Number of protein chains: 2
Amino acid sequence: MSSHVRKAVVLLSGGVDSTTTLAVARHEGFQCHALSFDYGQRHRCELEAACGFAKSINVADHRIVKIDLGAFGGSALTADLDVPKDRGAEAMSHGIPVTYVPARNTIFLSFALAYAEVLGSTDIFIGVNAIDYSGYPDCRPQYIQAFEAMANLATKMGVEGRRIRIHAPLIDLTKAQIIKRGIELGVDYSLTFSCYDPDAHGRPCEHCDSCLLRAEGFRAAGIDDPAGP
Amino acid sequence: MSSHVRKAVVLLSGGVDSTTTLAVARHEGFQCHALSFDYGQRHRCELEAACGFAKSINVADHRIVKIDLGAFGGSALTADLDVPKDRGAEAMSHGIPVTYVPARNTIFLSFALAYAEVLGSTDIFIGVNAIDYSGYPDCRPQYIQAFEAMANLATKMGVEGRRIRIHAPLIDLTKAQIIKRGIELGVDYSLTFSCYDPDAHGRPCEHCDSCLLRAEGFRAAGIDDPAGP
């Protein structure tokens, strides 16, 4: 191992965006430490996908932190609310949907920051995307910049002058561009999982926002979804 | 219940600062929703104190979220490192001690933000203090301001123009001033607990930074510590 190993913490949910982000971080030369959360999500298949993908590309480490996000309720992804189905692009591009989990990315990035500080890493990767972003406020560039500014004031590393960076390499890409980038980097999308509301056998519903965005992304990229129907 | 109930989320550890902060929030007219964390801390007596105190002043709700902060290690409060003892004020005022838990306040405030959003509350109280602060970067005013700016970009409430505020009412006070303020507000400090390293019977060590700051605070306030030796 080189004495100049640059470690990065990569948030990994197991969907298209986070697996592509992990591939980007590795391509940029980082030793990758993946971090996933078991937060009582309805779509636990995603977590199994995260484990499978992390193993497949030999990350340095993969931690799964169990957190009690469901204790507060407030989202169709953790509470007993219906996941919206068959929304058109117009509906998806306006307003914040019930699948929004309050402060989710803030909580995830905060744990990533703790993990980074323990590792002595100044680099955190997150697969947020402001184009096909389904209306979540914590997927916007100005949010990522504000988190980064806060992180540099929050930590021993920041105080000691080591600059913490929150990398969001997909933030300006369409889903189709993300998929093309991932294919270039060798991402095996058959290992990924995107559905918010799979059936009891773990099969995607094909009607939630996440399924629709994924299908449209592969269609626009001109690539068959290897995990698709 | 009034139709103008103002709800606040108050981070409650069970020590002098957080119990005083809860009393301040209540005095300012907020309906208080206390939030504590079970994070594998060595000083679990603090958590029991938080429960006792919250009950004693009839909060609207008290949630305890179990989080796996110890999974990353890196602090004498969660890992198997020695808690420093009998450090003088000079040593305490310089550098970041091993009792620093990476990103702790950031993680706590992130959960408070999620809870606030579910409650429809824009007000979060935290008992950080920049005077007798034992050297933690995430207890400084610039950190609190940066978190607040981030929170307003992170959330549905922020996007919708409801301004989120992170209240840190003790930030400019000495420990003695905090204790005097608490006494004015009727805080029963016999219910609080401060030690980082209690013995097997839950008795304070009287030598860690937290015990020393508490003892000095009561001494300077000219008040006997009702939980003291």
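**Where the chains meet**

Guide: In this predicted model, 37 residues of chain A are in contact with 37 residues of chain B.

Visitor: What makes two residues count as in contact?
Guide: Their C-beta atoms, placed from the backbone, must lie within 7 Å.

Visitor: Which elements of chain A each supply at least two residues of the side that touches chain B?
Guide: They are β3 (61–66), α4 (104–119), α5 (141–154) and α6 (156–159). Of the elements, α4(A) gives the most, with nine residues.

Visitor: How do the residues on that side of chain A divide by class?
Guide: There are 24 nonpolar, seven polar and six charged residues on the side of chain A that touches chain B.

Visitor: Why is α5(A) called roughly antiparallel to α5(B)?
Guide: The two helices, each spanning residues 141–154 in its chain, pack at an angle of about 160 degrees, with their axes 8 Å apart. Angles over 145 degrees count as roughly antiparallel, so α5(A) is roughly antiparallel to α5(B). The crossing of the pair is left-handed.

Visitor: Which residues meet between α5(A) and α5(B)?
Guide: Among those of α5(A) are Y143(A), F147(A), M150(A) and L153(A); those of α5(B) include Y143(B), F147(B), M150(B) and L153(B). By class, this contact has 14 nonpolar, two polar and no charged residues.

Visitor: What span is expected for helix α4 of chain B, and what span does the helix reach?
Guide: α4(B), residues 104–119, has 16 residues and reaches 23 Å from its first C-alpha to its last, close to the 22 Å expected at 1.5 Å a residue. The expected span takes one less than the number of residues.

Visitor: What makes α4(B) mostly covered?
Guide: A residue is buried if 20 or more other C-beta atoms lie within 10 Å of its own, and 14 of the 16 residues of α4(B) are buried. Just after this helix, G120(B) takes a positive phi of about 75 degrees.

Visitor: How many helices and strands does chain A have, and in what order do they run?
Guide: Chain A has eight helices and five strands, running β-α-β-α-β-α-α-β-α-α-β-α-α from the N terminus. Of its 229 residues, 52% count as buried. Among contacts in chain A between residues at least 6 apart in sequence, 71% join residues at least 24 apart.

Terms used:
Residues are numbered from 1 along each chain as its sequence is written. Chains are lettered from A and ligands numbered from 1 in the order in which they are written. This is a predicted model: local features need pLDDT of at least 70, side-chain atom pairs count only at pLDDT 80 or more; totals for chains, interfaces and linings use all residues. Helices (H or I, at least four residues) and strands (E, at least two) are DSSP runs, numbered from the N terminus. Ala, Val, Leu, Ile, Met, Phe, Trp, Tyr, Cys and Pro count as nonpolar, Asp, Glu, Lys and Arg as charged, and the others, Gly among them, as polar. A residue is buried if 20 or more other C-beta atoms lie within 10 Å of its own, exposed if 12 or fewer, and partly exposed in between; C-beta atoms are placed from the backbone. Axes are lines fitted to C-alpha atoms, for helices over the stretch in contact, and angles run from 0 to 180 degrees between N-to-C directions. Angles under 35 degrees count as roughly parallel, over 145 as roughly antiparallel, 65 to 115 as roughly perpendicular and the rest as oblique. A crossing is left-handed if the near helix is turned anticlockwise from the far one by less than a right angle, and right-handed if clockwise.
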